[in-house]
Amino acid sequence: MNRFAFLLDRLAYEPRRNAKVRLIADYFRETPDPERGWALAALTGALSFRHAKPGMIRGLIMERADPVLFGLSYDYVGDLAETVALMWPGEPRANRVPPLSEIVEGLTSTAKLDLPRRLAAWLDALDEVGRWALLKLITGSLRIGASARLAKTAVAALGDHKPDEIELVWPGLEPPYEELFAWVEGRGEKPSALDPAPFRPPMLAHPLEDADYRAFDPADFVAEWKWDGIRVQASAGRDEEGRHVARLWSRSGEDVSGAFPDLIEALTFDGAIDGELLVLREGRVQSFNVLQQRLNRKSVTPKLIAEFPVHIRAYDLLVEGGEDLREKPFMERRARLEAFIAREKNPRVDLSPMVPFADWDELAAARLDPASAGAGEDSAAVEGLMVKRRDAPYVVGRPKGLWFKWKHDPMTVDAVLMYAQRGHGKRSSFYSDYTFGLWTEDDAGPQLVPVGKAYFGFTDEELVELDRFVRKHTINRFGPVREVSHTEDLGLVLEVAFEGVARSARHKSGVAMRFPRVARIRWDKPPHEADRLETLEALIDLRGAARAS
Amino acid sequence: MRPEDLLCPSPKGLYCPPADLHIDPLRPVERALVTHGHADHARPGNAAVMATPETLAIMAARYGEAFCSTRRPAAYGEVHDVGGGVKASFHPAGHVLGAAQILLEWKGFRAVVSGDYKRAHDPTAAPFEVVPCDLFITEATFGLPVFRHPDAAGEIAKLLDSVELFPDRAHLVGAYSLGKAQRLMKLLRQAGWDRPIHLHGAMERVTETYRALGVDLGETIRVMAADRKALAGAIVLCPPSALRELWARKFPDPVTVAASGWMRVRARARQKGVELPLVVSDHADWDELRQTILDTGAEEIWVTHGEEDALVHWCGSAALKARPLRLVGYGDEGEAEETPAEEASGE
């Protein structure tokens, strides 16, 4: 365990990607099976333990520490595993430090009732770094800036392989991956159990505004709508026994099939589609707000499925009948996609239409008014344009110069900072989560009503200034939350940008903003000049309505 | 009498009405007692200043000889009548060279203002002495149970291991120029590092003051801009803020190191882009804070700059009367690492 803990510790502080890959690859080289396989499972998020959960860790620390002191510490550190690792009253003992494989085995097979005692014994035996690593394993997300992709890249580096080759054999493998290591080290056959519906890392786009696009020849590019849903990959095929398998993957490679049984059932083809997950009702695309009601539900009921029927609007065809199309130019893939959709006649999968344009001005006009440019009644669900080079192959990651996104300009309001809370992760110990409000009027005079929360959009330097403002202007403390001065004359105005606003019964203000973030800090503006709630209410559905009319 | 009759918070800092003096005043006053030389405690412009001879020398080095009009040196242990029936004495705080706790005695009541303190071994500062008292005013920079500082020698070993592992890279160690830097130099010497230690220009004057006061730090060399490229394998000490400046990038493949109690928390180290965090602190950690409060035997505890809430809560659970003293202007402002106040507080 110490060797693994040391690796995690080094990774956490190493900023350079290549150096991280080297650290992981070195660890794999020096560590025998099955230890390294369990480490790979941990790094790729393939481990989950039925009984060992964050709640159990909290329970253990509560038996050993004052709850108020734990609360203040957790608030300060911003990470459960680290807080407990630091607070754990363990003293260096003669206990044997268990190897990683023993811990994984123990976490998997120990009965629920015995587990807290076993876990406590490990924590006693380990030092602070070891405790942290063990608790990170249990809480699931390592958050050491090393993705699954990075770990697979390190595996590939053990032999002369590309990370994509690992990706393709990956779904058929199980920890501790002994056959995978044997193959990359040239000691064994390539693992054959190929997944018939694997995840293929998606191609991503750069903001068009960041490029000097006016210098591009419009004839080299095509455009299509950027739909406001969830980017997914539908992958399907037949396994060795001839069974048809279909999976839905998120952009980051998470298998989300379980949440969409209705859609999975409909994916009867053999191939892989890159598209947008949307709710369609009577052929009309619903807003992201509607889609959101289908997401993050504990159980997927028939009622939910009937009320929120999900579809895929296809952007791209990556594989068809076992043929990998990703090396081919976009326009060739597009032709194959159009033919594929026409042939399949799948009621759950349709084609994302192209947006024709002769020059950049015409495209800019389409961006401002999608309804007139072909999106019609669906324009409320358009969040901008995708601009793609005609000859672009489908390249993993975010290659330069091939795909661009050209989103709508966000809406903005000037709001007043009311409460701040410390952030987590990278921003822990800074007051980085801001609740802001807009003015209303009641019998007592002008009042601020909270309308939303923002925790990004500012630079690291601005964060330091915001944090300082919060500390200097605190008027009340409620646990981890500080109330800051927000009178008509003393307070801080934040220009908040957001993507949309809808009515919401769950919010005191009656409105909910989508994707709010701090666009600018208005140090120059007194609070009484901030916007009123009516200004925000007037923006409800404005985007969709304006475009639909 | 009430403790507030002897000491009370005021806009200019902690005030003692019977003697009409301030301790570590935030703005210029007539009569000041100063615990130690960090800029958030020792400020220029007071008329008369009483402090240890070392602290007075450090203030003169930092602010110039005219930092006050009258200096009243108070060696550790000497008792001085400061007027109004109040007696003041200075006792080692273990924080940096010359750092003192100030004991005020009045009508049989004893109050100790700790200033900043630590109890861990420091070869450049006189070791902390427990001063029994009725009222103890403690700092709380690291007043949370997650802060438990490891042995400093072990942290120095990490640095030397890294220097051995990467002989082609320069190790840039961010450390506060007064106290931390000199402690690191001395610890490096004790760990057997006998090569010259390279110093950022901002550290030279204080280091010279330490030498003049009898602290042997071995050979140090000021980093000249043109020499940076040639410093592979060297240990370079600089103020924490310099780690992020262009200045730092001209060294051969630099390893960013920081020595601070804050380095205990990973996110803090990562926010600052530190690759090798060393947990070396000149402040008491959680265990030391609690131990010290109990050792003084004080019945009333006032908690200043830092994580007051947790320490006040703990005092309550130990049946001690405690309250936070929210004096603006000390380390509290510096909780966000980058602020100048924190540089001043020496952490």
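**Entry 1: contact between the domains of chain B**

I looked up how the two domains of chain B meet, and found 19 residues of domain 1 of chain B in contact with 24 residues of domain 2 of chain B. On the domain 1 side, I noted that helix H2 (residues 53–63) of chain B gives the most, with four residues. Sorted by class, this side of domain 1 of chain B has nine nonpolar, five polar and five charged residues. I record here that the model is predicted.

**Entry 2: extent of the domains**

I then checked where the domains of chain B run. The domain assignment gives domain 1 as 3–146 + 282–345 and domain 2 as 152–278. I found the C-alpha centres of domain 1 of chain B and domain 2 of chain B to lie 28 Å apart.

**Entry 3: contact between the chains**

Next I turned to the two chains, and found 24 residues of chain B in contact with 27 residues of chain A. I asked which helices of chain B supply at least two residues each to the side that touches chain A. They are helix H7 (266–271) and helix H9 (308–317) of chain B. H7(B) provides the largest share of that side, six residues. By class, I listed 11 nonpolar, five polar and eight charged residues on the side of chain B that touches chain A.

**Entry 4: nonpolar cores**

I looked up the largest nonpolar core, which has 168 residues. Among the residues with the most contacts inside this core are Leu134(A), Val173(B), Leu184(B) and Val236(B).

**Entry 5: helix H3 of chain A**

Last, I examined helix H3 (residues 35–43) of chain A, and asked how many of its nine residues are buried. The count is nine of nine, and H3(A) is thus recorded as mostly covered. The buried residues of H3(A) include Glu35(A) and Arg36(A), as well as Trp38(A) and Leu40(A). I also looked up what these buried residues pack against: helix H1 (2–13), helix H2 (17–30), helix H7 (100–109), helix H9 (128–139), helix H10 (148–158) and helix H12 (178–184) of chain A. Just after H3(A), I noted that Gly45(A) takes a positive phi of about 75 degrees.

Definitions and conventions
Residues are numbered from 1 along each chain as its sequence is written. Chains are lettered from A and ligands numbered from 1 in the order in which they are written. This is a predicted model: local features need pLDDT of at least 70, side-chain atom pairs count only at pLDDT 80 or more; totals for chains, interfaces and linings use all residues. A nonpolar core is a set of buried Ala, Val, Leu, Ile, Met, Phe, Trp, Tyr and Cys residues joined through C-beta atoms within 7 Å. A residue is buried if 20 or more other C-beta atoms lie within 10 Å of its own, exposed if 12 or fewer, and partly exposed in between; C-beta atoms are placed from the backbone. Two residues are in contact if their C-beta atoms, placed from the backbone, lie within 7 Å. Ala, Val, Leu, Ile, Met, Phe, Trp, Tyr, Cys and Pro count as nonpolar, Asp, Glu, Lys and Arg as charged, and the others, Gly among them, as polar. Domain bounds come from an automatic or database domain assignment.
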